[in-house]
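Please read the following report alongside the sequence and the 3D view.

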Amino acid sequence: MSSIAIAVVVLTLLALIFGLILGYASIKFKVEGNPIIDQVEALLPQTQCGQCGYPGCRPYAEAIANGDNINKCPPGGTATMEKLAGLMGVDPEPLNEVAQEAVKKVAYIREDECIGCTKCIQACPVDAILGAGKLMHTVIAKDCTGCDLCVEPCPVDCIDMIPVEQNLKNWDWKLASIPVTVVEDRTVTIRMKQEDKAVKEDSQC
Amino acid sequence: MLTLLEQIDKGTLWHSPGGIHPPQLKSLSNQSAAKRLTPAGQYRVPLPQVGDCARLSIKVGEQVKQGQQLTDGEGFMYLPVHSPVSGHVIDISLQSSNHASGLPTLTCIIEADGLNQTIDYQESALVELSNQQILDKIKQAGIAGMGGATFPSHIKLNPASEIDLVIINGVECEPYITSDDVLMRENALEIFKGIQIINQLLTPQRIVVAIEDNKPEATLAMQQCLARFDDLTSIVKITVIPTKYPSGGEKQLIQIITGREVPTGSIPAQQGVVVHNVGTAYAIQDAVLHGKPLIERLVTLTGEQVTQPGNYWIAIGTSVEYALQQVGFNADRNQKVIIGGPMMGYALPDYDVPVLKGTNCILTPSANEIAPDVEEKACIRCGECAVVCPALLLPQQLFWHAKAEEYDKAASFNLKDCIECGCCSFVCPSDIPLVEYYRVAKSALKNEAEEKQQAEQAKIRFEARLKRLEDEKLAREEKSRLAAEKRKAAANASSNKNTVAEAMARVAAKKLAAEQESKQDKPATDKSAAVKAAIERAKAKKLANQSTISNTPDENASTDNLPAVNDKKAQIAAAVARAKAKKLAQNKATLSENDTASAQNEPVDDKKAKIAAAVARAKAKKLAQKQAESASDMDAANSQVLSSEDQFSQEQAPQVQAQSEIGTGTDSDVSEPLDDKKAKIAAAVARAKAKKLAQKQAESAADMDIQSSPVQSSQEQSSQGQAPQVHTEIGTGTESDVSKPLDDKKAKIAAAVARAKAKKLAQKAAESENKTDVESDDRINADALISPAQTETSALPVTPSNVSEPVDDKKARIAAAVAKAKAKKLANKQKLSEKE
């Protein structure tokens, strides 16, 4: 009988001690905010384009953390969606936008036609348009995220979205992979094989 | 235990992992001495060749001398580009580049004129030059690593850390290439002069010239030459290393000479070692001692498809196609032209590209020299590639992930340490082009990293923008709060006193005017008119007091509007009184005299005016009775008018003001014979102005107070005083029109935009005008405030519709301006409603 009493007392004490520890820990190590939001935001492309329906990438990250769909980011494309699926532990979903393939674009202002209305400057989420009232505007190409937001407000339609051209710096070595159809020529093939053998022999000696 | 230097002196060599022994095939090109090609007629120099950006210092059509600098620049990696020939610049445009992609790059095309004019090459002795001068000369000569990587040499010659060991790379491990071999055989003296300069700059403890054992002639020539340099014999050591590919790689060579491995992510200079190519040493002495920039280099033209293989001094910018034609090139079917060696080189998609600083070999293999592209088979996990990898990577794992496009996993297998030597592809039994996969994966990782950096940058900019907008908003709010407080304080202090005083002043002024009028009419009626005026004055005072007192507590919903509304009511009350006084005075006049007397006063005397006057008179009488009955009724009426004004403040208030201004405008019309056009313009300008004012008023009710007072004061002004004002308004209107350069493109576009808007808005405006006209007429009738002259003006608002018709150009422009103002107003309204 006493053993049961001892067990009850001991377990109660233990429960109290652990409860105190847990209570203390919950105050001491309290996590401010939701860390998953930062992780989601790190995956988003930060174009701040608002195509997801949220005003910027951070609000969409918050929405994802609260259970919104992960397929609302056209600039990020399928790659971002898959990463988000991995992070959030949900099944990948096809992008709900038509823009499946995300071609990086940069805004370009046809400067002859610009009337200097500053509307695009106000629309740009990353302050990548330079200009002043009644003066020509221009895009700082390296800071442009290609979000499209400046195209709509332009009253004279002088903004184009130009795909980023491939140059020697960003070439991805995929250009040379043009499929070549080899017309079968027996004599040449046989000669090639013989020569191939000869080269291999040459390399051995 | 021997120190590293002792071991180097002893000739100890270490083993570098991996590597292969491909067929050398160097004898094709190293049997003959270096030759020169017949100069080409045209040269294409890419700008810039090294570094990201540069400034052009030449123009199309300009004459250039050989060795003349074509670009300026400041970047860390920047190197100047020089003209390889004397001639003139015929074009600067995008031309296909000497690159595996063949993508177009900015190229300066120079046509040789055969005059062989050169810039003044300044010879100088090494002892006269300081280290900084030497470095400047090397930089200005545009010297980049001649082994193929084209890293700017002056950076490597000015390292941050102490350099113990300099390795001069004469290994040349790639098959086919013999340019360094031939250079060492023929120009050993110049190479050692270059080594002297390197020695002076870096002051290392040892300089090792590394040469593979398949170049005995070069080794001999170098050893013989070294004996002639007394100062170098104690420092420089010529080391022969066993032939193995890729011993010539920078990190591999360091491992062979010192036994130390260069850690991943660091550069050899951090280990106290610097590696320079023999070709670089040659170019350095040319630049420092002879002042010659890097405009030509020794290139191996080899392969079975050229009839005269060998090494040739080729000016940078010469077309590869031209160079090959000079040595008897006959292209095969599916001919490949490879820049560099067969292991690490790249095939050109287009032969007509220039030779660059790093182009050490142009290889034209026949079909039996290079295995044809065979179909890639599945990886059998044999592990051969891992055995031969000089960087000790796991090529099969890299391939696995690269093929699956899991580039981050490939990166975790240290993909970035791959030197793309091609050993793994060479030994692969499944003919997998492994290096191709690695290159794609590497560029994808590079682009990904860049995108990530851009995203971070965008995020920072976005957040900065949000903060800026927030700050601006707070500042605006603070400003408006302070302004409101100020206004409130001012209004509280003076509202009651001021309104009463103002009303009194106004009534006094009216009385004076009436007196004058009655004096003019008939001095006999003066007294009775004065008595009437006095009675009215008293009434007005009473009314003003009542309205201010009674309305303050109950009528106003928002406390912000309080002083303003009070003020307005008082004004209206005063206006009522004023009008009555006027009318009474007039009545007196008309009664005592004939109806024709008024015709003398006003030239626009017609039947309508008379009838209107009669009606007004009757109404005034009625109203006077009513007023006598109860003043509070009048208050209620006033408040009604006020509330309706508040409701339609956007539309009605401007109309009221516009009317008043038009009224004054036509007053001046009457007093001064202005022509019709001007009056119309004045009306239009006045309307636009009134709109603007009204807009401001609508934005904040508190502003009403301030805005209404100038309008009021303008009402109080005499008609003669008003006339010049109208004139100036016209003046400014036309001036602004003139000052706009109409032929300017921008102005045209703006006009076009405005016109489009104007068309849309013209209809709306006309509608609203009609509406407000009716409304204002109603109100006027109800209050019976209007004098005959004013009823006349109430017919005037029709004129703006005339103005808006684009009858002539000027009018149209003015109409456009008016429409623009309207459009702005409407836009603002929409915005407001959207916000709400």
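## A network of charged side chains

Asp38(A), Glu41(A), Arg58(A), Glu62(A) and Lys459(B) are joined to one another in a network of salt bridges, a salt bridge being a side-chain nitrogen of Lys or Arg within 4 Å of a carboxyl oxygen of Asp or Glu. The model is a predicted one, in which local features need pLDDT of at least 70 and side-chain atom pairs count only at pLDDT 80 or more, whereas totals for chains, interfaces and linings use all residues; side-chain values use heavy atoms, with hydrogens and water left out. Residues are numbered from 1 along each chain as its sequence is written, and chains are lettered from A and ligands numbered from 1 in the order in which they are written.

Asp38(A) lies in helix α2 (residues 35-43) of chain A and Arg58(A) in helix α3 (residues 57-65) of chain A, so the pair ties together parts that are 20 residues apart in sequence; helices (H or I, at least four residues) and strands (E, at least two) are DSSP runs, numbered from the N terminus. The side chain of Glu41(A) also meets that of Arg58(A) in a salt bridge, with 2.7 Å from N to O, and this pair links distant parts of the chain, with Glu41(A) in helix α2 of chain A and Arg58(A) in helix α3 of chain A, 17 residues apart.

How accessible are these side chains' residues? Asp38(A) is partly exposed, with a relative accessible area of 43%, and Arg58(A) is likewise partly exposed, at 30%, whereas Glu41(A) counts as buried at 4% relative accessibility. Here buried means under 20% relative accessible area, exposed means over 50%, and partly exposed lies in between (1.4 Å probe, protein chains only).

## Other salt bridges

Over all chains, the count of salt bridges by this rule comes to 28. One of the pairs in chain B joins the side chains of Arg481(B) and Glu478(B), at 2.9 Å from N to O. Arg481(B) and Glu478(B) are three residues apart in helix α15 (residues 434-521) of chain B, and are therefore separated by about one helical turn. Arg481(B) counts as partly exposed at 39% relative accessibility, and Glu478(B) is partly exposed as well, with a relative accessible area of 36%.

## Where chain A meets chain B

In the interface, 44 residues of chain A are in contact with 34 residues of chain B, contact meaning heavy atoms within 4.5 Å. Between them the two chains bury about 3,400 Å², of which 59% is on carbon and sulfur atoms; buried area is the accessible area (1.4 Å probe) that two parts lose on being put together, summed over both.

Across this interface the rule finds four salt bridges, and the side chains of Arg468(B) and Asp127(A) meet in a salt bridge at 3.0 Å, N to O. Eight residue pairs across the interface are in polar contact, both residues being at pLDDT 80 or more; a polar contact is a pair of N or O atoms within 3.5 Å, where within protein one must be able to donate a hydrogen and the other to accept it, and residues adjacent in sequence count only if both atoms are side-chain atoms. On the side of chain A that touches chain B, α5 (119-123) and α6 (186-204) of chain A each supply at least two residues, and α6(A) gives the most, with eight residues. The residues of that side divide into 21 nonpolar, nine polar and 14 charged, where Ala, Val, Leu, Ile, Met, Phe, Trp, Tyr, Cys and Pro count as nonpolar, Asp, Glu, Lys and Arg as charged, and the others, Gly among them, as polar.

## The make-up of chain A

Chain A has six helices and four strands, which follow the pattern α-α-α-α-β-α-β-β-β-α along the sequence. Of the 205 residues of chain A, 28% count as buried.

## A sheet and a loop residue in chain B

In chain B, four strands form an open sheet in the order β2-β7-β6-β4, with antiparallel pairing; two strands pair if DSSP finds at least two bridges between them. β2 (42-46) and β4 (63-64) of chain B stand at the edges, each with a single partner strand, so one side of each is left without a neighbour in the sheet. β4(B) pairs with strand β6 (residues 87-96) of chain B in the antiparallel sense over two bridges, and the bridge partner of Val64(B) in β6(B) is Gly87(B).

Asn187(B) is found in the loop between α4 (179-186) and α5 (188-202) of chain B, and is buried, with a relative accessible area of 11%. Leaving aside its neighbours within four places in sequence, Asn187(B) is in contact with Tyr282(B) and Trp313(B).
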